[in-house]
Number of protein chains: 2
Amino acid sequence: MSLDERKMKILKTIISTYLETGEPVGSRTIAKDSDLHLSSATIRNEMADLEELGYIIQPHTSAGRIPSDLGYRYYVNQMMEEHDMEIREKEEEIEAERQMMFQKMDRMEEMLKSVADVLANDTNYATLVSTPHIRESKLKFIQLSMVDHCRMLAVIVVGNETVKNLLMNVEDPLSNEEILKLNILLNSFLQGLTLNEISLELMHTMKVQAGLHATILETVFSGIVEAIHEANDMEIYTSGATNILKYPELANPSQTTALLDTLVEKKQLVKLVDETVSDQEKHGIQVYIGSENQLPSLKDCSIVTATYDLEEGGTGTVGIIGPKRMDYRKVVHTLKNLTADLDEIFNKKS
Amino acid sequence: MSLDERKMKILKTIISTYLETGEPVGSRTIAKDSDLHLSSATIRNEMADLEELGYIIQPHTSAGRIPSDLGYRYYVNQMMEEHDMEIREKEEEIEAERQMMFQKMDRMEEMLKSVADVLANDTNYATLVSTPHIRESKLKFIQLSMVDHCRMLAVIVVGNETVKNLLMNVEDPLSNEEILKLNILLNSFLQGLTLNEISLELMHTMKVQAGLHATILETVFSGIVEAIHEANDMEIYTSGATNILKYPELANPSQTTALLDTLVEKKQLVKLVDETVSDQEKHGIQVYIGSENQLPSLKDCSIVTATYDLEEGGTGTVGIIGPKRMDYRKVVHTLKNLTADLDEIFNKKS
DNA sequence: ATTAGCACTCATTTAATCCGAGTGCTAATA
DNA sequence: TATTAGCACTCGGATTAAATGAGTGCTAAT
C-alpha cells in the first residue's frame, strides 16, 4: 500500500484543514469539503490507511485525525517543490513599510532587532534573528585619540561592520605626535590580521617599539581580542515570544514555561541556530517539525529558518517559531522575501 | 477603632504567612502560629475588625484572609522603618560573584544587561534595569578618519559614556590634511554643545568653511543628532519574565499574556520608569503595590524600584516585578546593596 | 474580654451522567 | 471490485450532583 493520488489529496485536505482550525479533522468534514466526491465511509477507509502509513494520528479513539510529524514533513516537502508561489495580497504595503524602517537605521544591530519585531507582528509567531556569523574576522583599523585631558579613546574596526570603542583613563595626556606614532605602529603591525595571527611575539615587539606607552598597548590588545570575539560571536534577537500563548496546544502550563524560557534564554537558541547553519540546503530555507527539533522544549513547535548572507562571507539566520500547525506557506514565503531584502540591503550598503 | 498592638501583630502574621504560602490565612492557623495565646474565635473577631479597617480581604465567604493593597502598604512602610536589616547569609558569595562579572565588562550596556540577569536569577522575580537618563547630554568629541579607500568613520562621543560610530561611503578619499582640517573644524565649533545649541546658522557657517566637503558634514550632523538622542533616551533591559509564571495567582491565562507583554514590550516600561524617577524619596527605594501601579496589566503585581546615580547627574533605575506577595524584605535589601554597588562602580570608573 | 460551640457558606473535589463527534465493521449496492 | 449506507461502539468533554472541609459569624457561657 502506498500513497496514491487520492490518499495524497485527502492527506493534504486533512493537514490544511487542521492548520486552520487546530481541531482534529473527521471523515465527514473531508467528505463535504474536499472536491473528490466520496462518502465519509470511504474517506474513513483511506484515513485508516493513512494512519497505518504513519502520516496521521488519532489523538484518542473517538476523535478525528491530526497530522503526525511525518505528515507535516510530507506536506512541507510537497510545498517546497511548488516554485510558483502566488504573491500574497497586502505584501507590497508591508514591503514598503519595511523598506522605510531599513532606510532609517544605520546600525545593523538595531535593524535586526526591528526585523524581529516586524516579523513577529506580521506573522503572529515568535521570531528569532541572529547577527551574521563570521568565522575569522580580521582587524581592519585602529585609532587612538584623546577625548579630554585624562581619557583616551580607542576605536577598533573589525570585519566590515563591527566597531568597538574602548574608553580608558591615562595618567598624563599624550601629545598629538605620540598618538600619531602609536596609531601608525598599531595599524602597520596589525591591520588585516585574524585573532590567532596576533602572536605573543608580535605583541612583544610592538611593546618594545612603543617604549613608555607599552601599558596602553596592553589595554588596546585586550580590546582587540574582545572586538574580534564580538564580531565572531553571533547575537540573537527574539520577539513575539508571547505569541505562542495564542495557540492552545502550546499554552498548557507545564510546557509554557520551558518554551518561553527557551525563547528568552538566548544561549539555547545559539546552539539551535548553529545547527541550522550547518544544515544548509537549496533556498536556504529549513523546516524543523516537532521532534525534529534538537531542543526538547520545542517538541510541539515547528521552526522555519532562512539564512541571509554578507558579501564578506558571514551568514545570519532569521527564524520563525510557532505551533506545528503554522501557516507554512505564508511563513516560507515571508522568510524568502525577507532574506532576499536583507541580502540586497547588506550588499548594497557595504 | 484603630490599630492597637494586638491587631498589628495579627496583621503582620497574616501577611508574612501569606507571603510564604500564597494561600488565604485562616484564624486557626494564626491562633496556633503566633506567639500571642488566643483562641481562634478571638482572632476571628480581630480579623473582622482588620477587614473593616481595610487591611485584609476575604476572597470569598468561607476562605481565610489575604492582605489588601492597604495591608501590604502598611507592612512595607513598617519594614522600611526598621533600619537594622540583618545581613542575609549567602549574600557575601553572591556579592563576590557579582563583582567578578562587573570587573570583566567594560561596556555599561552589557553590564546592565547582566545585572538584570543575575538579579532575576537570585530573586526568582522579573527584573528591569534602565540605563541612566540624562537630561541634556553634551557633545564631547568628534573624530573623522578613513578606514579604507572609500569608507570614512566618524566617532562621536556624547556625555561621558556614549560613543557612537558612523560608517559612511565617500566617493574619493580625503587626504590626511583634509581630514585633520575637518576634525579641527568640527571640534572647535561643536564641542560642549547640547542639541539645541547647535543652530541652523552654526551649521551653515561650518558648511561654508568646509567647502567641498559640506556633504560629509551633513551626514555627520545627523549622526550627532542621533548620538545625542541615544544618550538622552534610556534603554531598558528586562530579564526573568517567565518567573512570574511560578506564581499561580499570576499564571491565570487571561492576565498572563498581558503581563508578559508588558514585560517584553519595553515601551510601556519606559513610562513606568519615568514616573518612578519623578517619585524620588529617601533611600531611592520605591514600592508600588497592586493598583498603585499605573499600568493596568500590573494590577496584581508589586514593583520595587531603586535608583542609582552617575557622577554627571544621570539617574538609572533597577526594578523588581513580582507577585504582591513578594518577599519585600529580601527584595528591598538586595536592591539597596545592588544600587550601592552600581554607584560605586560607576563613580570609580568615570 | 475571652472562649467554646454550632449553624452556615462556599470553593474545591469527586463521582455520575449525558452528549456527540467520530470510528470500525458489515452488509447492501453499483 | 469499489463504494456506500447503516449501526453499534468508544471515549473525551461538558454538565450536574453530591460530598468534603476549611473557615466564618454569631451567641451564650465563662
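Visitor: What makes the meeting of A:K140 and B:D148 a salt bridge?
Guide: A salt bridge is a side-chain nitrogen of Lys or Arg within 4 Å of a carboxyl oxygen of Asp or Glu. In this predicted model, the side chains of A:K140 and B:D148 meet at 4.0 Å, N to O, so the pair counts as a salt bridge. Between chain A and chain B the count is two salt bridges.

Visitor: Which conventions lie behind such values?
Guide: Residues are numbered from 1 along each chain as its sequence is written, chains are lettered from A and ligands numbered from 1 in the order in which they are written, and side-chain values use heavy atoms, with hydrogens and water left out. As the model is predicted, local features need pLDDT of at least 70 and side-chain atom pairs count only at pLDDT 80 or more, while totals for chains, interfaces and linings use all residues.

Visitor: How many residues of chain A are in contact with chain B?
Guide: With contact meaning heavy atoms within 4.5 Å, 32 residues of chain A are in contact with 33 residues of chain B. The area buried between the two chains (accessible area, 1.4 Å probe, lost on being put together and summed over both) is about 2,600 Å², and carbon and sulfur atoms give 50% of it.

Visitor: What makes A:T42 a polar contact of DNA strand D?
Guide: A polar contact is a pair of N or O atoms within 3.5 Å; within protein, one must be able to donate a hydrogen and the other to accept it, and residues adjacent in sequence count only if both atoms are side-chain atoms. An N or O atom in the side chain of A:T42 is 2.7 Å from a phosphate oxygen of DNA strand D, so the pair qualifies. For A:R6, a polar side-chain atom lies 2.9 Å from a phosphate oxygen. B:R44 instead has a polar side-chain atom 3.2 Å from a base nitrogen of DNA strand D.
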